[in-house]
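Work through the exercises below with the structure open. Each task is followed by a solution in steps.

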Amino acid sequence: MKNLRIGDYLVSKGLITEEQLMKALQAQKESQGTKRFGEVIIELGMLSEVKFAQALSSKLKVPFVDLSNMKIDEEAASKIPEALAKKHTVIGISIQGKRLTVAMDDPINFNILEDIKISTGMDTIPVLATKTAINKAIGKTYQKQSVDSVMEDVSQHSAEEHVDDGSKERIESAPIVKLATTIVENGFRADATDIHIEPFKKYTRIRVRVNGDLVELMNVSNVVHNSLATRLKLISGMNIAEKRIPQDGRFTQVVDGVTLDVRVSSLPTVNGEKIVIRILSNGSISLRKITDLGMTDYNYGMFEKMLKCPHGVILVTGPTGSGKTTTLYAALGEIAKPNVNVITVEDPVEKNIDGINQVQVNSKAGMTFAAALRSILRQDPDIVMIGEMRDAETAEIGIRAAITGHLVLSTLHTNDAASTITRLVDMGVPSYMVASSLIGVVAQRLVKVLCPKCKKMRMSTPEENELMGIENSIQIYEACGCPECNNTGYKGRTAIHEIIHCTNDISEMIVNGANKDQLEKAAKTHGTKLLRDNVSVLVQHGTTTIDELVRVTYAI
């Protein structure tokens, strides 16, 4: 077993087939030695990075560690210089006497172990971790010292140069470039979706949106604000001379081995330009399944039935930032087979998916959703995804496409599934067309998940029982806060869903002009579980809090 090649070992354990092994070996051969076998297996989507690392760990008899769930000893990490850690993708995680435990993705590379031994003067014990986890840990561990040094450079630089004219030399000065890069890196490492750079009279505040809430990251001197704003506008392709009107741009940046697609928006305010940066990971999402998005087995069963329909419209609805696009991408991943032609129209294209034709909307050039859709229907598509039904024209073309035999997936901004149906009719789409084309609607929200380390148990009150729709008091949990969750009490988010199938009864009600309440009542008799029902189950299971139930579903 010891001399067995890792590929044969994976086959023997039933993790991949003989056919997949041949395909992977061929791909590795074509890379001409630039990729290791494990990298090829992960790239081809045969195994996830964690599954491959666990298999390698059991073959090599080297312990596997999950760095995302462990505290790294800062003293151990500081033993290895940052440059060496990045060069070899290694990080020190603990010290015992003169022995340093080092996490690496290639634990049998003795040259690396020797390098670490010479640099630290300590005996090294290797453990196995995934490359992604090590890169992220390196970024997080060494970021504090890099932030401090960047801030020092920036303050020195601004002290030397009081005149802030946003000149090109100043924009491209090393401290400002480093500060812009550091802000995006720290935002990504904090798992932020957005970064807000807000100018005030005496300082500039930088906040990041984590788990849906804005958290302060740092404050910088307002002296550097113009230079920082201009630097971000420059790299994202905006006009740096124009400061009176809002602008949009984008750029890419590699952080901890992950290529980020970064969207930038500028808005003139009384104290200068406010910049908002949205971080989108460009990583492969082919392994993201709908079941990974928090959908319950019951709702997943309902959603799967909808995806089996050969033609019609499936709508995913919810407010901005509720994960609608992620759900659509996961759905496309399930139905996009080699024998179907899938085309998407998006503004912007958030993630590139292999094997799918994605079209970017460009309003300035006249490439609107409606114009793109008309052209797409002449491209012989089987499945069309419309990023958003923003106006009556787009909605009508999408619905006509569904009636003529295409499967159309799209999003809409509404509060729940039933109001989506009435919204389409209000937008001017004839009710008979909505009734005959609609397969179903998925409404979703994101709720924060309690930190398992510090959540506190208590009994529910009668008012809370009423909110959850139960009669007797039960054990529920509330948020506390600990270093593990940055004292927020929550760690991560999960989605809740409300799914309405457009049955014959509901189609008939749509044609007869039924309102939201009537549609909701009919949907419940056909098995729809409302958002409130779904979130109250999560509260009862101790996954989230009553506060989240109220925040997400409260109505007067």
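**Exercise 1.** In this predicted model, determine which ring Lys448 lies over and at what distance from the ring centre.

Solution. Lys448 lies over the face of Tyr490. The distance to the ring centre is 4.9 Å, and the cut-off for a charge over a ring is 6 Å. A second case involves Lys136, whose charged end sits over the ring of Phe188. Here the distance to the centre is 5.7 Å.

**Exercise 2.** Find how many aromatic pairs a search of the whole structure gives, and classify the geometry of Phe200 and Tyr203.

Solution. The search returns one aromatic pair. Phe200 and Tyr203 form this pair, with 5.5 Å from centre to centre. Their planes are 35 degrees apart. Planes under 30 degrees apart count as stacked and those over 60 as edge-to-face, so the rest are tilted. The pair is therefore tilted.

Next, take the accessibility of each partner. Phe200 has a relative accessible area of 30%, so Phe200 is partly exposed. Tyr203 has 33%, so Tyr203 is partly exposed.

**Exercise 3.** Locate Thr411 in the secondary structure, decide whether Thr411 is buried or exposed, and state what its side chain reaches.

Solution. Thr411 is in strand 14, which covers residues 407-412. Its relative accessible area is 3%, and buried means under 20%, so Thr411 is buried. The side chain of Thr411 reaches the backbone oxygen of Gly387 at 2.6 Å. Leaving out residues up to four places away in sequence, Thr411 touches Gly387 and its neighbours in the list Ile386, Glu388 and Met389, among others including Val316, Lys324 and Leu328.

Methods
Residues are numbered from 1 along each chain as its sequence is written. This is a predicted model: local features need pLDDT of at least 70, side-chain atom pairs count only at pLDDT 80 or more; totals for chains, interfaces and linings use all residues. Side-chain values use heavy atoms; hydrogens and water are left out. Rings of Phe, Tyr and Trp (its six-membered ring) pair if their centres lie within 6.5 Å; planes under 30 degrees apart count as stacked, over 60 as edge-to-face and the rest as tilted. Buried means under 20% relative accessible area, exposed over 50%, partly exposed in between (1.4 Å probe, protein chains only). A charge sits over a ring if NZ of Lys or CZ of Arg is within 6 Å of the ring centre and within 35 degrees of the ring normal. Helices (H or I, at least four residues) and strands (E, at least two) are DSSP runs, numbered from the N terminus. A polar contact is a pair of N or O atoms within 3.5 Å; within protein, one must be able to donate a hydrogen and the other to accept it, and residues adjacent in sequence count only if both atoms are side-chain atoms. Contact means heavy atoms within 4.5 Å.
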